[in-house]
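Please keep the sequence and the model open while reading.

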Amino acid sequence: MSVWRGLLEVAGCVAMKPRTFSAQKKKSKKARVRSDKTSERSDWLDMRRALIVDDLRAICRIVRTVLARFGYEVLEAPTGNQSFAVLDRQPDVCLILVDWNLPDLNGLDFVKQLRASPHRSQVVVMMVSSETDVDQLFAALHAGANEYVVKPFTEQMVARKLRVLGCMN
């Protein structure tokens, strides 16, 4: 688990230490593969995958739109347990945005289960929730979430968080 800085921002979010994930390094490896393949395949090689775990369709639609603008292929799961099934099918997910309130388990339990798995320890996790209690925020970060953004949010807030986490150019 990464060491986090407990700096509250004006929006009630916490800035985290950037992860070692580097889109540039991935692109350079993919560029080598691309040179051997046809150009039609280059689009999907450059896609980064994100998973939205939220049971509210409207929030999923908003977050999907924001992430797609930043070059992510977006997957969705309405429950925590379904999200683990998605992760088993798509192990290359590099970013997960998870709501605190899910039908089957809360976002905190989701993060704990995710971080307990060694092969998923480097996935970047951002809590996206309407929960504003500072104790919950710190509990999520202590459990292994890398960032926390409070609903309602703007595209600029999400972009800033992704930049801090090293998930966006």
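## Ground rules

Contact means that heavy atoms lie within 4.5 Å. With neighbours up to four places away in sequence left out, Val111 touches Val98, Val125, Met127, Ala140, Ala143, Gly144 and Ala145.

This is a predicted model: local features need pLDDT of at least 70, side-chain atom pairs count only at pLDDT 80 or more, and totals for chains, interfaces and linings use all residues. Residues are numbered from 1 along each chain as its sequence is written, and side-chain values use heavy atoms, with hydrogens and water left out.

## The chain as a whole

The chain has 7 helices and 7 strands. Both are DSSP runs numbered from the N terminus: helices are H or I with at least four residues, strands are E with at least two. Their order from the N terminus is β-β-α-α-β-α-β-α-β-α-β-α-β-α.

Of the 169 residues, 47% count as buried. Buried means under 20% relative accessible area, exposed means over 50%, and partly exposed is in between (1.4 Å probe, protein chains only). The chain exposes about 8700 Å², and carbon and sulfur atoms supply 55% of that area. Accessible areas come from the Shrake-Rupley method with a 1.4 Å probe; for residues, only the protein chains shown count as cover. Among contacts with a separation of 6 or more, 62% come from residues 24 or more positions apart.

In soluble globular proteins, nonpolar side chains tend to be buried together. A nonpolar core here is a set of buried Ala, Val, Leu, Ile, Met, Phe, Trp, Tyr and Cys residues joined through side-chain atoms within 4.5 Å. The largest has 27 residues. Leu51, Ile96, Val98, Phe110, Val111 and Met127 have the most contacts inside it. At least two residues of this core come from each of β3 (48-53), β4, α4, β5 (93-98), α5, β6 (124-129), α6 (134-143) and β7 (147-150). A second, separate core has 25 residues, including Val66, Val74, Met126 and Met168.

Where does Ala140 sit? Ala140 is in helix α6. Its relative accessible area is 1%, so Ala140 counts as buried. Beyond its neighbours within four places in sequence, Ala140 is in contact with Trp100, Leu108, Val111, Met127, Ala145 and Tyr148. Ala140 and Met127 are 13 residues apart in sequence, and their C-alpha atoms are 7.6 Å apart.

## One aromatic pair

Rings of Phe, Tyr and Trp (its six-membered ring) pair if their centres lie within 6.5 Å; planes under 30 degrees apart count as stacked, over 60 as edge-to-face and the rest as tilted. By this rule the count is 1 aromatic pair. The ring centres of Phe84 and Phe110 are 5.0 Å apart and their planes meet at 35°, so the pair is tilted. The pair links distant parts of the chain, 26 residues apart: Phe84 is in helix α4 (residues 80-89) and Phe110 in helix α5 (residues 107-116).

Phe84 is buried, at 12% relative accessible area. Phe110 is also buried, at 0%. Arg120, in the loop between α5 and β6, is in contact with Phe84, Leu87, Asp88, Leu114 and Arg115, leaving aside neighbours within four places in sequence. Arg120 is buried, with a relative accessible area of 10%.

## Polar contacts and a charge over a ring

A polar contact is a pair of N or O atoms within 3.5 Å; within protein, one must be able to donate a hydrogen and the other to accept it, and residues adjacent in sequence count only if both atoms are side-chain atoms. Thr79 lies in the loop between β4 (72-77) and α4. A polar atom of the Thr79 side chain is 3.1 Å from the backbone nitrogen of Gln82. Thr79 is buried, at 14% relative accessible area.

Tyr148 belongs to strand β7 and is buried, at 0% relative accessibility. A polar atom of the Tyr148 side chain is 2.8 Å from the backbone oxygen of Glu131.

A charge sits over a ring if NZ of Lys or CZ of Arg is within 6 Å of the ring centre and within 35 degrees of the ring normal. Arg48 lies over the face of Tyr72, 4.4 Å from the ring centre.

## A cis peptide bond

Most peptide bonds are trans. The bond from Lys151 to Pro152 is cis, with omega near -5°. Pro152 is in the loop between β7 and α7 (155-165).
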